[in-house]
Amino acid sequence: MRAEQSRGRAAVDGLVRSILPVILALIVAGLIILAMGSNPLDFFAGVWTYGITGTNWQRSLVLMAPLVIVAVGLIIAFRGQLWNLGYNGQYLLGAVVASGFGPYLFAALPAWLATIVIFLGALLVGAVWSLIPAILKARYGTNEIITSLVMSFIGVGIANLLIKGPFKDPSTPQPQTAVIPDDQLLPYIPGTAIHIGLLIAIVLAIVAQFVFTRTSFGLRMDIFGASPKAARHVGINSTWMVILLFALSSALIAFAGAVDVLGQYSYQRANWDPHYGDAVMPFVFLARLSPLAAIPLVAFYAVLATGGTLAAQQAGLNVDFLLVIVGLILIFMTITEYVGEKRRLGQSYLPPGLRRTLLRPFQGTPSPRASAQERVGEPIPPDTPVSESAPETAPATATDPAPAPEARTS
Amino acid sequence: MTTSTAPDVISLREITKAFPGVVANDRISLDIVSGQVHCLLGENGAGKSTLISILAGMQQPDSGTIAINGAITPINSPKAAVDHGIGVVHQHSTLVPAFTVLENLMLGETGVMLGKKKAKERLDELSELLGAQIDPHAIAADLGLGQQQQVEIAKAIWKGSRLLILDEPTSMLTPQAIEHLGESIERVKAQGLAVVFITHKLREAYAMGDCVTVLRGGRNVGHISVEQLASYDEQQAQDAILSAMFGDDINTVSDEAAAELAGATESVRETRGIDLENRPVRLELSGVSSRGHGRDVEVDDVALQVHEGEILGIAGIDGHGQGALAEVAAGQRSTSSGIVRFDGQDVTRLGVRGRQQLGLRYVTDDRLHEGTVGSMSVALNLVVKRIGQRPFWKFGQIQRKAVDAEAARLIEEYGIRTPSSATRAGTLSGGNIQKILLARELTHGARLVIVNKPTYGLDLKTVHLVREILIDFAANGGSVLLLSTDLDELVELSHRIEIISSGRIVGSVTNDGPGTAEKVGHYMTGAIEGVH
């Protein structure tokens, strides 16, 4: 009974922590719009109008396809506590495989076979591209945040070079690839203008969720993410794990690029970079690295992005304002996590030093008894075994599954 | 140095300090008087370390006051503590290994120029006081642990001290070095300093202390004043301290066990003798050297044999290759040369999982981060070494019912105190986490278990239980490779004790009668203190 109650409370708590930052970010974004002299209600009404009403919801869902695949790719790496920040390069390289080889392959092969070849090629390119940061990490412990990020810049550069060079469509002066004819692109879901990439993405998310939560591989991954030392102790080959997770993550993100080109864009321009990874990142964490939980959050962003582009122009705002909202979500997520964690531990919300400084002017003589009580917070529940060797081994803070948000936003 | 004739008194009144989930110090009051050795006794988690870090200015009490000679003096930084003449020698070395003794001692100097000459004079003065020979230009890393500790003491009273705090100073020392430390403490005391001596061994408290305060569960549960302690004979003192230490728990373990756990008596072997020659060799390492990625000491050309039903102890100062030896035997670390045989089979190329299935198990010393995954449930932690195996996984899919049933069985059998098998392992106490590890490793066909520091940091009751489990396991034909830094524990459990130093086995002692600890200590001293 008690356990169920606390489980229910934990679920509510998790939901609040996932949604509250979004709401707070939207409120502050509204205030910013107001400060810039526009009407925030117009903007949000615009998001609704252009993102959902009429057939606009279909445009939002089309955008969702690559976003969900990128999200799954990020989750694979992040669950293993590997910070794959090379998503932009990986995405564009995957896209360039489709846009560059697509025109030739579709000319030579039946459409379904060409599509499969392109998808496999994108997956392969993504996986190979991740090998350098992964091997460096596994072998020498190099910080993969830096290596993957640097590789991303190189990847973006290579993609642009290819589009301007060998893959350039000679029939236009623009640096862009040849357009793949409409009838060769991914088919639509009957009755809509949504290509089947969305279905692929959803299936991927479901499969990933199953693998993470139900299989031995998922458990190995979680152990590896929680503690590489423990992973070694139970006999998991960490070198292999790093390379595998990085390859899977990167391959999926590249795959997203290929799906996006074959499903929606049909060609690729140089210097085009949708920055999907940047946008999806906060939602991946809000979903607690669960692929299924990420779907509604990504859907929200897809609507915001689809509707917001036009709405921002109408409200006289730059399109980059969308990234401001994403940034605000990140900030509020960090704050919510911090406050929630302190609340769970029954601690004061302020760091002890700051707290003392703030309270000093109000205390004629220090009344330590009161502050002691506040700091202890809630009484210890009687059935919680008290750690015998506290405080050294008090594990409360060390064992929270959510990784520290500071680490990943830097 | 103080010049007043009346003894200095540092009074702690109603010191309270709470951490999330635990009250580490609960209204502790005590007086520390100069010229006395004040023993603080208590098991792990009794609040000794917290009290010390409050005295040293590293933590602030939530409430309560510290007064020096009647004047209330807040100690709100380590610097304030030093200014008041409070010096601490921590349990683990705080010397900079690459610096010389003199440089280490001068770390806290604030002047623009280094006053080397003055520092040397001060060191000579202190060497004489401590009765130690300290070469000021020796590199700290080259010193033996006993000597390092002397340097630490010199550093603590460098600025002219009022109070010297020694935090479990004997835990890393050989019996010989402990004797030497006792002499130094006597001399410091004679200089009029107050000494706080923290230990969890009763016989040290009795031998070195002038008065004793016992902490339990963060409270001051017993004080034996100078006069009382002087009037008691050894047995009376022991009884008084024991009843304070254990309180009502004394009835749950026998008197003898309690006395032994509290380190009141010389330890003797508790395991039944076995006839080694008639026992087959279960684990054999021949010429094994290890190769890891980290920076810890690797084992070098180690040869050893563990027989069926035998407990082989490995003694040595912490960090001398014990971790590498355990890991290389368990398959967690690769060998660069040599052969590991298990029941006659060459397992050198087998990894952790292969050896686990043969019955070679390993209870690591880092039970919080290596042995368990704190964010996962107790049930998962109990089967984590059998991932992918039937009946817990079928076709790669976890079978929750089988896992839960196994967890329930082990929780019951080993008395793991947890609200449920779904509780996150990290929220359990250290003792219960250790029980998870033992349950996991000793179940399902264990033939040999490697245990590294199995009782480190546990409460006395669990210590007792863990030792019982190991003794039972050996009595039923299992083999144990016991790595420990606690000589008493080794003497109590092992049939033979081998001594490891800098990754090499430097000696072997058969544990058959009194004097084993001294013999082991002799090997440790010979190997480590560098008798050239």
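## Helix α15 of chain B

Let's start with one helix: α15(B) covers residues 400-414, and its 15 residues should span 21 Å at 1.5 Å a residue, which agrees with the 21 Å between its end C-alpha atoms. The expected span here is 1.5 Å times one less than the number of residues. Helices (H or I, at least four residues) and strands (E, at least two) are DSSP runs, numbered from the N terminus. This is a predicted model, where local features need pLDDT of at least 70, side-chain atom pairs count only at pLDDT 80 or more, and totals for chains, interfaces and linings use all residues. Residues are numbered from 1 along each chain as its sequence is written, while chains are lettered from A and ligands numbered from 1 in the order in which they are written.

Which residues of α15(B) are buried? They are Val403(B), Glu406(B), Ala407(B), Leu410(B), Ile411(B) and Tyr414(B). (The arc is that of the directions from the helix axis to the C-beta atoms. Buried means that 20 or more other C-beta atoms lie within 10 Å of a residue's own, exposed means 12 or fewer, and partly exposed is in between; C-beta atoms are placed from the backbone.) The cover over the buried residues of α15(B) includes α14 (378-383), β18 (397-398) and α16 (430-442) of chain B. Turned away from that buried side is a face with the exposed residues Lys401(B), Glu412(B) and Glu413(B). Just after the helix, Gly415(B) has a positive phi of about 60 degrees.

Helix α4(B) runs over residues 116-130, and its 15 residues should span 21 Å at 1.5 Å a residue; the end C-alpha atoms are 20 Å apart, which agrees. Leu123(B), Leu126(B) and Leu130(B) are buried in α4(B). Seen down the axis, the buried residues of α4(B) fall within an arc of 70 degrees, so they line one face of the helix. Among the elements covering them are α3 (101-105), α5 (145-156) and α6 (175-190) of chain B. The other side of α4(B) has the exposed residues Lys117(B), Lys118(B), Glu121(B), Asp124(B), Glu125(B) and Glu128(B).

The buried residues in α17(B) include Leu460(B), Val466(B), Arg467(B) and Phe473(B). Gly477(B) follows α17(B), with a positive phi near 100 degrees.

## Strands in chain B

How many residues of β7(B) are buried? For this strand, residues 163-167, it's 5 of 5. Leu163(B), Ile165(B) and Asp167(B) point one way from β7(B), and Leu164(B) and Leu166(B) point the other way.

Two strands count as paired if DSSP finds at least two bridges between them. β7(B) pairs in the parallel sense with β6(B), residues 86-89, over 4 bridges, and 5 bridges join β7(B) to β8(B), residues 194-199, also in parallel. Leu166(B) in β7(B) stands opposite Val89(B), and its bridge partner in β8(B) is Phe197(B). Elsewhere, β21(B) (residues 496-501) and β22(B) (residues 504-510) run antiparallel, joined by 6 bridges. β21(B) and β22(B) form a hairpin with 2 residues between them, and Ser502(B) in the turn has a positive phi of about 50 degrees.

## Cores, domains and chain A

An automatic or database domain assignment divides chain B into domain 1 (9-96 + 161-261), domain 2 (266-359 + 446-532) and domain 3 (369-444). The C-alpha centres of domain 1 and domain 3 of chain B lie 38 Å apart.

A nonpolar core is a set of buried Ala, Val, Leu, Ile, Met, Phe, Trp, Tyr and Cys residues joined through C-beta atoms within 7 Å. The largest nonpolar core has 197 residues, and Ala71(A), Val284(A) and Val298(A) have the most contacts inside it. Helix α11(A), residues 238-265, gives the largest share of this core, 17 residues. Domain 2 and domain 3 of chain B both give residues to this core, so it lies between them. Apart from it lies another core of 65 residues, including Leu41(B) and Leu130(B).

Chain A has 17 helices and 0 strands. Buried residues make up 43% of its 410 residues.

Notes:
Contact = placed C-beta atoms within 7 Å.
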